[in-house]
Amino acid sequence: MTEALIVSILIITIRAGTSLLYATLGEIYTERVGILNLGVEGIMMMGAATAFAVSYHSGSAWIGLLGAVLVGGLLALIHAFLSNTMRADQVVSGLALTIFGTGLASFMGQRLGPGGTTMVGLQGPKFVRTPLPLLSDIPILGPSFFNQDVLTYGLYLLLPLLWFFLYRTQPGLHLRAVGEKPLAADAMGVPVIRTRYIYTIFGGMLMGVAGAHLSLGYLQGWADNITGGRGWIAIALVIFATWDPLRAVIGAMLFGGINAIQFRMQAAGTTIPAPFLNMMPYIFTIVVLVIITWWEAISKRLGAPAALGLPYAREEKH
Amino acid sequence: MTGRAWLRRLWPLAPVLGALVITSGLLLLFGVSPFEGFGALLQGAFGTEAKVLSVAAFWVPLTLAAAGLVVAFTAGLWNIGVEGQIVMGAVASSWLALRFDAPRPILLVAEILVAMAAGALWAGVVAIFKTRGGVHEIFGGLALNNIAIIFTNYLISGPWQPPEGGTFRGTVPFPEKALFPLLGVSRLSPLSIALTLGALAAVYFILRGTYWGLKLDALGRNPKSAFLLGVSSEREMILAMMFCGALAGLGGSVRVLSWFDSLRQSISGGIGFLALLVVMLALFRVVLVPFVAFFFSAVLSGSISLQLRTQLHSSLGGILTSVMVLLVLLFGDYRQLGIFGSRGGKALADE
């Protein structure tokens, strides 16, 4: 393979993987405090619609991003309230959020263009790829890793931070304790409910960013069903990553990488039908996921937070 | 009746009213009159005879999947993979409809049976992942949902592609004799109504009148003590999942053989997820399932025809139903009101 080919594949790999990785990281933090949020798909959809609508009308992609973060946090707040305070069923709440987000986003897409018309096909502000000085001169790695948009660069910073916070700081320890043994965490003086609220909302914000990267970075525009099931893939990747932020990278890059190879194959004029190629990343990710999950489960290493999905009430026995 | 008793009776209406208010607010926010919106929705659902039949046609697979889910829930299982089971049922029926030739009654019975078998198998995989691999049924189900949808897309764009190249939207229409007999020009078949009523009766009977139903109930309430009492939790879990999958597969069969006339890209279109919400709103009781499912069908089917008539988007139905579910979770302080039985809220890692 030539250098140019490798670079072009790597560029698309990283671009396609970015939004997926944001969503996966958001879900990892949410599940780590014991809350299962199945609303990822809906939150991403709302993030994408809000980001595009706000940036289109304000003229700034940054304000659009801010809108997506707020909307993501708000939707996750609904889920946090229902799961923590109302102790409602998290699966139902998450599913309802997904249907709500998908519906409202599609409604917004129909109405929030200029003068109440559709947003489909509009061009708006976007996060363009900008090479970083010096770093982008490194052969192969430079033009692929350091010639990306600002949200991808944000991920390079966020990823080690999230990992370090989770495994090497006291708040991170508390976070994990709340997801594993909420009663013990409570006895230690960690405010269980508040911690769950905080990280569920934080997770929702990351999912909002994931949506924003679709409509402002990777796909640059609004279309109905823009997320195309990425939210569900993100939930699957969390298991693949065994709730570890760094391992999530492997999954997201795998997904992005197959996306990229498929683009190249299409460009090279393969006879394989296009929809099948489009679906390849999903197939491959899921198959690998199932094999790894199964293998890990058999070898008893699957590390789901012990209190995942379980509402916490101090006065109840666990 | 006292005021308190009245309040308890009327309590279930609170989320419905709340959902109407919130959705009206959203409509106003986007400059649409709520009266126009909901009026069009009602028109879309019940305006003409054809529209009522369309609501009923939507109701059939939703009710079938929901009836199956009641059994899975009774055994304490979260069969979120029901969406994929519907898809696999549809795929199996399509395979027979495309590839086999037989007298119509034989063909129809065979199509129904393979759909049920395919749905049951797909659910069985999730159950075995759970009992043998320790993979929670929610995660296993989600993974298999994705695979089922991908598989459909592969079939449509690959082996079952229409000869003229096609638009990748679906297969060629099936021959007339492979399809369910329809009422007039509707998408509703008397056969599917009969099957749905049969399924509802079967689920009711199983849960009320059989030893198996009792075992599932014990399993759902307390798996540990059920096991100690001699209920083979692995066997019953797999069977409960497969039963649910079979009904979901049947729903998929109805989708391809009467709603559509071919295998399409989004053959289920989220009916499985809707069915989960239906069961939850029906308080996990099979007698309430057909009514809640009918309400959902009216709203969703109504909003589909609404899009054709006005500038309003068909997503209104999804918004209305999902807001209602969220409000049920909000209002439904069921432990205190004693209206709901309490299920759910089980730790996912607690295997």
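Me: Is L330(B) buried, exposed or partly exposed, and why?

Reply: Counting neighbours settles such a case: a residue is buried if 20 or more other C-beta atoms, placed from the backbone, lie within 10 Å of its own, exposed if 12 or fewer, and partly exposed in between. L330(B) is partly exposed because 18 other C-beta atoms lie within 10 Å. A word on the source: this is a predicted model, where local features need pLDDT of at least 70, side-chain atom pairs count only at pLDDT 80 or more, and totals for chains, interfaces and linings use all residues. Residues are numbered from 1 along each chain as its sequence is written, while chains are lettered from A and ligands numbered from 1 in the order in which they are written.

Me: Which residues is L330(B) in contact with, leaving aside its neighbours within four places in sequence?

Reply: Contact means that two C-beta atoms, placed from the backbone, lie within 7 Å. On that basis, L330(B) is in contact with L82(A) and M86(A), its neighbours within four places in sequence left aside.

Me: Where is L330(B) found?

Reply: Helices are DSSP runs (H or I, at least four residues), numbered from the N terminus. L330(B) is found in α14 of chain B, residues 315-331.

Me: How many Å does helix α6 of chain B reach from its first C-alpha to its last?

Reply: The expected span is 1.5 Å times one less than the number of residues. With 30 residues (104-133), α6 of chain B reaches 42 Å, close to the expected 44 Å. Just after α6(B), G134(B) takes a positive phi of about 70 degrees.

Methods
Helix = DSSP H or I, 4+ residues; strand = E, 2+ residues; numbered from the N terminus.
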